[in-house]
Structure formats: structure tokens, C-alpha cells
Amino acid sequence: DNGASAFRAVIDKDPNYIPAFSSLGSLEVKRKNLKEANKILDVLKTKDPNAARKLEQEIKLSGWKLKK
């Protein structure tokens, strides 16, 4: 997917650019790719707790359960 590839390219160039992680996480939720969304959530928890909380809410609103 071009969107995911673009976000990953930005992350490769700047691993601390939180908006790219957040956008990729949102995209993975929309794509119903919970495994990848949870991986991104784990990264966000260490880099930006506020962004992590927003992604957690998005996952919950999608009807998925967060990994334990």
C-alpha cells in the first residue's frame, strides 16, 4: 500500500517523527491489521504516551481488544 510505504519511508528517515507513527497506526487500524497496529502502539508508548493513548482509543473504537 502506498500510504503505508510513504509513512514507513518517513519513519526510516526520522525515527522520532511521531506524526508518521500515528498516521501509520491509524492506517493499520483502518486496514484491520491489528498485529501491526499493536507494534506501532508499543513504539508510541516509549516515544510519545499521548500519541499512544490516541491510538489505543482508536483501536478500542474499532471494536478490537488491545493485546495484553
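Predicted model: local features only at pLDDT ≥ 70, side-chain atom pairs only at ≥ 80, totals over all residues.

Reader: Let's begin with the fold. What makes up the protein chain in terms of helices and strands?

Author: The protein chain has 4 helices and 0 strands. Along the sequence that reads as α-α-α-α.

Reader: How do you know how compact the protein chain is for its length?

Author: Its radius of gyration is 11 Å, and the globule rule gives 11 Å for 68 residues, so the protein chain is as compact as a globular protein of that length. Along the principal axes, the C-alpha atoms fill a box of roughly 30 × 25 × 15 Å. Buried residues account for 32% of the 68 residues.

Reader: Let's turn to single residues. Why is serine 26 called buried?

Author: Buried means under 20% relative accessible area. Serine 26 has 17%, so the label applies. This serine 26 sits in helix 2, residues 18-30. Leaving aside residues up to four places away in sequence, serine 26 touches Leu55 and Glu58.

Reader: And what makes lysine 35 exposed?

Author: The cut-off for exposed is over 50%, and lysine 35 has a relative accessible area of 63%, so it qualifies. Lysine 35 belongs to helix 3. From lysine 35 to glutamine 57 there are 22 residues in sequence and 16 Å in space, C-alpha to C-alpha.

Reader: Now the charged pairs. Why is the contact between arginine 31 and glutamate 28 called a salt bridge?

Author: Side chains of opposite charge can pair when their charged atoms come close. The rule asks for a side-chain nitrogen of Lys or Arg within 4 Å of a carboxyl oxygen of Asp or Glu. In the pair of arginine 31 and glutamate 28, the closest N and O atoms are 3.5 Å apart, so the pair meets that limit.

Reader: Are those two partners buried or exposed, or something in between?

Author: Glutamate 28 is buried, with a relative accessible area of 2%. Arginine 31 has 40%, so it falls between the cut-offs of 20% and 50% and is called partly exposed.

Reader: What about lysine 39 and glutamate 36: how do you know that they pair, and where do they lie?

Author: Their closest N and O atoms are 3.2 Å apart, which is within 4 Å, so they form a salt bridge. Both lie in helix 3, residues 34-47, and they are 3 residues apart, about one turn of the helix. Lysine 39 is partly exposed at 44%, while glutamate 36, at 19% relative accessibility, counts as buried.

Reader: What makes the pair of lysine 45 and glutamate 56 a tie between separate parts of the chain?

Author: The salt bridge itself has its closest N and O atoms 3.7 Å apart. Lysine 45 lies in helix 3 and glutamate 56 in helix 4, residues 49-61, so the pair ties together parts that are 11 residues apart in sequence. Lysine 45 counts as partly exposed, with 43% relative accessibility.

Reader: Which residues are joined into one network, and how many salt bridges does the count give?

Author: Salt bridges that share partners join Arg8, Glu28, Arg31, Glu36 and Lys39 into one network. The count by this rule comes to 5 salt bridges.

Methods: Residues numbered from 1 in each chain as written. Heavy atoms only, no water. Helix = DSSP H or I, 4+ residues; strand = E, 2+ residues; numbered from the N terminus. Rg over C-alpha atoms; globule rule 2.2 N^0.38 Å. Buried < 20%, exposed > 50% of the residue type's maximum accessible area, 1.4 Å probe, protein only. Contact = heavy atoms within 4.5 Å.
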